[in-house]
Amino acid sequence: MPRRTVAKLATVSAVVAASVLAVAPSAHADLVTYCIGTGGAVTVPNDLYVPAGESCALTGTTITGNVSVAAGGNLVVTGGTVSGEVRIASNGYLDATDTTIGGQVVLAAGGYGAFLKDARTGAITVRPKGSTTIDSFLFVEESTVTGNVNVQAGEVRLDRGTQVERNVSSTGTYYTDVHDSFVDGSLSVLNSSTGSVVCGSAVRGLATFSGNLGGVQLGPNGTLDSCASGGYWGRDVSVTNTTGGVTVDDNIIDGRLTVTSNNPAAQVAANNRIRGGVTGEQAAAGVARAARAAAPADREEAGEQRAQTRRTSAVQEAVAAGDADL
């Protein structure tokens, strides 16, 4: 079973050789600010554009319009504000820390990835991978998403107090994990190739896990990842048609738990509090205990390493880009 990893973040290079802020007319005669290099606490009075293959690192910058990151471009924003939306093209990258984005964030098919920390944004969309060679990622920490999160490719992790004010929908990702976070609407994880982990989190709406090939782990003592506690589920939870194992441990479910057509049968621990009861096939209690005892001991260490990589990546890349003012 491949470890969940954010090694991609460590390979992103935001190193730039100069600080350039250029204003040019678009095809519609609107002003667009081209960013190549670094910028400081200034206001961009129009849309911002990061050209293909270039890098832009901004600190304390206010952008009154929309942002576009062209193919292969990198945008690193720290302590900034974007009034409009952010769109990232194929092989493009967005890194936003302590930043507010008024509109949506859209990662195109084959987009390299998006990393948000201490941020606030509208809806987030990750397009399907399609025929591209790059599989994207979305990592969100300590952030608020005011709209829906809709992901259809790559590695997905919501972590460290992240709040999603509407629904989370995942289809065909590599994995989709939710740690120590809150989803105010529904959670749906379908057809993930290495499964899904939900730990220490609360989901107010319906939760549906179906067709996941690598297993589903709700709470601690599973085989996919390390975590300290289960979660709260405000309505029914359904885990069906899953291969690779299903474990449900230390959860409060204010509804019914359905576990059907899973191979092997789901392991539902006795310490769960399930208001509506359990429907479906369950493994014998002795089998479940043996499987929990056999969980890899190094999953917690791997998770801490990934978290450290995410915490430091945005700062390292901004410093490498230089600190010249626009």
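Leaving aside residues up to four places away in sequence, L75 touches V50, C56, L58, V67, V69, Y93, L94 and D95; contact means heavy atoms within 4.5 Å. The model is predicted, so local features need pLDDT of at least 70, side-chain atom pairs count only at pLDDT 80 or more, and totals for chains, interfaces and linings use all residues. Residues are numbered from 1 along each chain as its sequence is written, and side-chain values use heavy atoms, with hydrogens and water left out.

L75 belongs to the largest nonpolar core, which has 54 residues. A nonpolar core is a set of buried Ala, Val, Leu, Ile, Met, Phe, Trp, Tyr and Cys residues joined through side-chain atoms within 4.5 Å. L75, L94, L138, F209, L218, W233 and V237 touch the most other members. Another core lies apart from it, with 6 residues, including Y93, Y112, F139 and Y175.

D249 sits in the loop between β32 (246–248) and β33 (252–253); strands are DSSP runs (E, at least two residues), numbered from the N terminus. Is D249 buried or exposed? D249 is buried because its relative accessibility is 4%, where buried means under 20% relative accessible area (1.4 Å probe, protein chains only). Its side chain makes a polar contact of 2.7 Å with the side chain of N221 and one of 3.1 Å with that of N271. Such a contact is a pair of N or O atoms within 3.5 Å, one able to donate a hydrogen and the other to accept it; residues adjacent in sequence count only if both atoms are side-chain atoms.

Finally, confidence. Mean chain pLDDT (the predictor's confidence in each residue, from 0 to 100) is 83, and 78% of residues reach 70 or more. Over residues 1–29 the pLDDT is below 50.

Definitions and conventions:
Helix = DSSP H or I, 4+ residues; strand = E, 2+ residues; numbered from the N terminus. Buried < 20%, exposed > 50% of the residue type's maximum accessible area, 1.4 Å probe, protein only.
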